[in-house]
Amino acid sequence: MLPESYRLHRRADFSRTVRRGRRTGRRDLVVHAFVHTVDPAAEATEDALVRVGGPRFGLIVSKAVGNAVIRHRVARRLRHICAEVGDEIPVEADIVIRALPGAATADSAELLRQLRGAVRKLGLGAVAQPAVRSGEPV
């Protein structure tokens, strides 16, 4: 499950990510990404970004995707996928995923593949490789 600190909640955060961020489309998803830059002068202001956890994700699943049951199913799948991909994305990033109608019939593996491809295309893919402990086979 996606931890609370990894979610976008405020309308302003969604709007900033969609309007000022970069966008790429896939067959069943449109992915918007906005990477925050740390401005030392802005640290004292109210708009300063306080990060707890990792990258933040927001989901948009409209009625075009299907009825309420289908929309919630798609949203649950996307939250689970975001939890998997979260370690591959920089912590300064906000990601908004808009589900297209095809997401209702796509399986989770396909949605994961599309999201990873979109993140890679936006230049946010795998920043840190998992550490290999000494003595473990590579």
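Modeller: The model is a predicted one, in which local features need pLDDT of at least 70 and side-chain atom pairs count only at pLDDT 80 or more, while totals for chains, interfaces and linings use all residues. Residues are numbered from 1 along each chain as its sequence is written, and side-chain values use heavy atoms, with hydrogens and water left out.

Gly-123 follows helix 3, and its phi is positive, near 80 degrees. Helices and strands here are DSSP runs numbered from the N terminus (helices: H or I, at least four residues; strands: E, at least two). Helix 3 itself covers residues 108-121, 14 residues in all, and its first and last C-alpha atoms are 20 Å apart, close to the 20 Å expected at 1.5 Å a residue. That expected span is 1.5 Å times one less than the number of residues in the helix.

The buried residues of helix 3 (buried: under 20% relative accessible area, with a 1.4 Å probe and protein chains only) are Glu-110, Leu-111, Leu-112, Gln-114, Leu-115, Gly-117, Ala-118 and Val-119. Their packing partners are strand 1 (22-25), strand 2 (29-35), helix 2 (68-85) and strand 4, where contact means heavy atoms within 4.5 Å.

Asp-94 counts as buried because its relative accessibility is 0%. Its side chain makes polar contacts (pairs of N or O atoms within 3.5 Å; within protein, one able to donate a hydrogen and the other to accept it, and residues adjacent in sequence counting only if both atoms are side-chain atoms). One is with the side chain of His-36, at 2.7 Å; another, of 2.9 Å, is with the side chain of Arg-56.

As for the setting, the chain has three helices and four strands, arranged along the sequence as α-β-β-β-α-β-α. Buried residues account for 35% of its 138 residues. Among contacts between residues at least 6 apart in sequence, 78% join residues at least 24 apart.

Terms used: Buried means under 20% relative accessible area, exposed over 50%, partly exposed in between (1.4 Å probe, protein chains only).
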